[in-house]
Amino acid sequence: MSTTTFAFDVAEGNGPKFDIDLSTVHDISVLQRAIGQNYGVVQPEGLSFYSGNTPLLALSEIQASVGIITIKVDGHALRDVPGPSGLPLMGNYLEVFPDHLGNNQRLFDRFGPLFQTNTLGKIVCQTNDPELAQICFAESQFFSKEIVPDHPLYPIKNQKAGVFLGDTSNPDWKVVHKFLPPALGPKAVRHYASQMNRCCEEAFPVFDELEKRNKAWNAYQYMLKLSSGTVGKIMLGKDLQHFTSVDAPLSRIVLAIAEVLAINKKIASRGEWYSHLPFGDPKRLKNLQQFMADQIQEAINEAKSNGTEDLELQDAALKAANVVDYLVRATDGKGEHLPKENLVSATIVATGAGFTTTSSLLSWCLYGLVTYPGTQARILQELIDNDITDETNITAEQIDELPELGKFIKEIQRRHNPSYQPGRTAQLDMILPGGYRLKKGTVVIPALHHIHNNPAIWENTSRFDPDSFATGQRMCIGFNFALLEVKIFLCKLVYRYHWEKEGDSETEYDPYFQLIRPVNLYVRTQTRERWPSKSNE
Ligand code: HEM
């Protein structure tokens with residue numbers, strides 16, 4: 001038996017060196033896969049072989065070659081994930097916060113599609129490369145959602161919630177993921193459309209009153225009231241009374257969930273040591289979590305029900321009075337319910353995920369209406385052409401017929417996506433495309449904002465262009481819900497009002513919140529008295 005010696009090309013230090021008997025190998029792809037399997041190469045088809053500097057393109061050339069054969073990955077030597085060097089203890093904290101979006105962009109410009117930072121001991125990698133992001137999101141032997149101490153969600157990790165805050169490998173994820181998605185799937189969500197219409201209409205008197213008082217208002221604060229009020233009704237069957245007057249307070253449960261997200265971001269960005277303090281933010285976080293659980297338990301106890309009989313999982317959402325009623329009564333093929341120990345945590349997650357995201361997206365939509373010229377006119381014309389007014393009970397079928405609106409929302413999500421830091425954890429030592437070496441346990445964050453605004457992908461990243469959007473990958477179970485809600489609201493809000501931005505100051509995002517939300521966007525409405533005619537008239 002004669003063997004050939006291979007060695008990975010390495011940027012610094014020595015790489016793995018090994019012998020292979022090539023007499024039984026009949027194809028170069030078999031060789032690539034065999035090496036890939038042994039060394040955790042995520043995409044072995046990217047392995048290439050060299051004798052000195054001469055590429056060996058065919059298996060016969062490799063077999064005939066004398067001496068050590070060098071291996072590169074996508075043309076690169078193996079390299080550690082680069083990143084800024086940082087200060088003792090602080091690491092790169094001051095280079096990343098508070099303007100993490102701007103600073104991370106600077107780091108992408110400097111280090112390329114994958115870089116690593118250390119903020120007060122928390123080490124994470126970030127990528128703006130869609131291919132790397134896809135590898136991270138794939139839930140494979142390489143990556144999984146595992147909320148380890150370096151993960152941004154670690155301070156609020158909760159295995160019982162199953163979704164969002166739990167590890168994929170934990171059995172609770174499977175259980176909750178069986179029960180929750182049917183309540184948020186396309187069929188169920190269509191069924192919530194009427195209620196979404198009514199929730200928006202209930203807000204009109206408040207927006208009218210603000211206009212009468214000639215007052216500009218904070219877009220996020222009112223969009224938070226609107227979206228959380230909607231989630232309150234559809235999820236919990238509870239009227240949160242957010243539009244009983246112009247100054248109606250936010251319900252305590254909404255305030256608690258919003259504060260938890262703000263504190264989590266603060267704790268997660270300050271390193272593991274900070275989360276162990278027995279006072280201050282970590283203590284407040286624990287108290288708030290208990291308060292949320294008590295409030296949600298109360299809402300569950302009080303939730304109206306359409307009956308007491310069990311409901312078959314797939315149709316349960318159409319028959320239940322609200323999502324909590326659904327979660328209590330839905331049964332799977334074996335007649336089993338969502339276990340009681342998951343109910344409260346899963347409901348908190350669905351409630352929180354249901355409004356924190358859509359309130360930001362709605363606010364950025366208002367930003368788009370008042371910032372990007374022509375958008376209001378385009379959407380309004382489409383509504384007129386489809387006979388939709390602010391009084392129409394808009395159905396999901398009608399929404400499907402509004403491409404201009406759809407493109408507007410997609411482009412808003414590209415330019416101003418509310419999501420921040422969905423992290424995935426390396427399940428083994430691996431070699432990523434591009435030759436990056438990654439250790440098991442490393443957290444990699446597909447940086448959604450930077451992927452969506454990566455100049456290598458988009459021709460003109462800063463231009464708002466609703467005609468250019470191509471859909472990206474999503475892994476959110478509430479997306480049907482969010483899109484339908486935001487679309488129904490926008491139809492009504494654009495038909496009824498002309499929107500203007502107050503003042504010329506630049507709109508800023510909140511660097512201290514878990515999601516990307518505008519903090520200082522003030523808007524005014526002008527109730528429309530005239531509308532354009534139909535395009536074909
Ligand atoms: C603009 C609206 C929304 C955006 C941008 C958004 C974004 C996301 C993202 C990025 C994730 C993945 C998180 C991660 O990987 O760590 C996610 C997961 C999730 N989303 Fe959404 N979301 C939105 C609306 C909603 C709504 C309305 C609901 C519920 C009604 C919801 C429920 C969930 C749940 C339960 C998960 C966790 C799924 C799992 O862990 O398997 N989302 N969402």
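In which helix does Leu-94 lie? Leu-94 lies in helix H3, where helices (H or I, at least four residues) and strands (E, at least two) are DSSP runs numbered from the N terminus. The structure is a predicted model, so local features need pLDDT of at least 70 and side-chain atom pairs count only at pLDDT 80 or more, while totals for chains, interfaces and linings use all residues. Residues are numbered from 1 along each chain as its sequence is written.

Leu-94 counts as exposed because 12 C-beta neighbours sit inside 10 Å. The cut-offs here are simple: with C-beta atoms placed from the backbone, a residue is buried if 20 or more other C-beta atoms lie within 10 Å of its own, exposed if 12 or fewer, and partly exposed in between. From Leu-94 to Gln-221 it is 127 residues along the sequence and 29 Å in space, C-alpha to C-alpha.

A cis peptide bond, with omega about 0 degrees, joins Phe-97 and Pro-98, and Pro-98 belongs to the loop between helix H3 (93-96) and helix H4 (100-111).

Two other loops hold a residue other than glycine with a positive phi. Asn-214 has phi near 55 degrees and is found between helix H8 (193-212) and strand S10 (217-218); with 7 C-beta neighbours inside 10 Å, Asn-214 counts as exposed. For Gln-241, phi is near 60 degrees, and the loop in question runs between helix H9 (219-236) and helix H10 (252-269). Gln-241 is partly exposed, having 14 other C-beta atoms within 10 Å.

Turning to helix H6 (residues 171-179), its buried residues are Asp-172, Val-175, Val-176 and Phe-179. They cover an arc of only 90 degrees around the axis, so they are on the same side of H6; the arc is that of the directions from the helix axis to the C-beta atoms. An α-helix has 3.6 residues a turn, so residues three or four places apart point the same way. The buried residues of H6 pack against helix H14 (323-329), strand S12 (330-331) and helix H15 (340-371), with contact meaning C-beta atoms, placed from the backbone, within 7 Å.

H15 turns up again at the ligand. The ligand is surrounded by 22 residues, the closest being Gly-354, Thr-357, Pro-422, Cys-476 and Gly-478; a residue is near if its C-beta atom, placed from the backbone, lies within 6 Å. H15 and helix H20 (479-496) are the elements giving two or more residues to this shell, and H15 gives the most, with seven.

Note on methods:
Contact = placed C-beta atoms within 7 Å.
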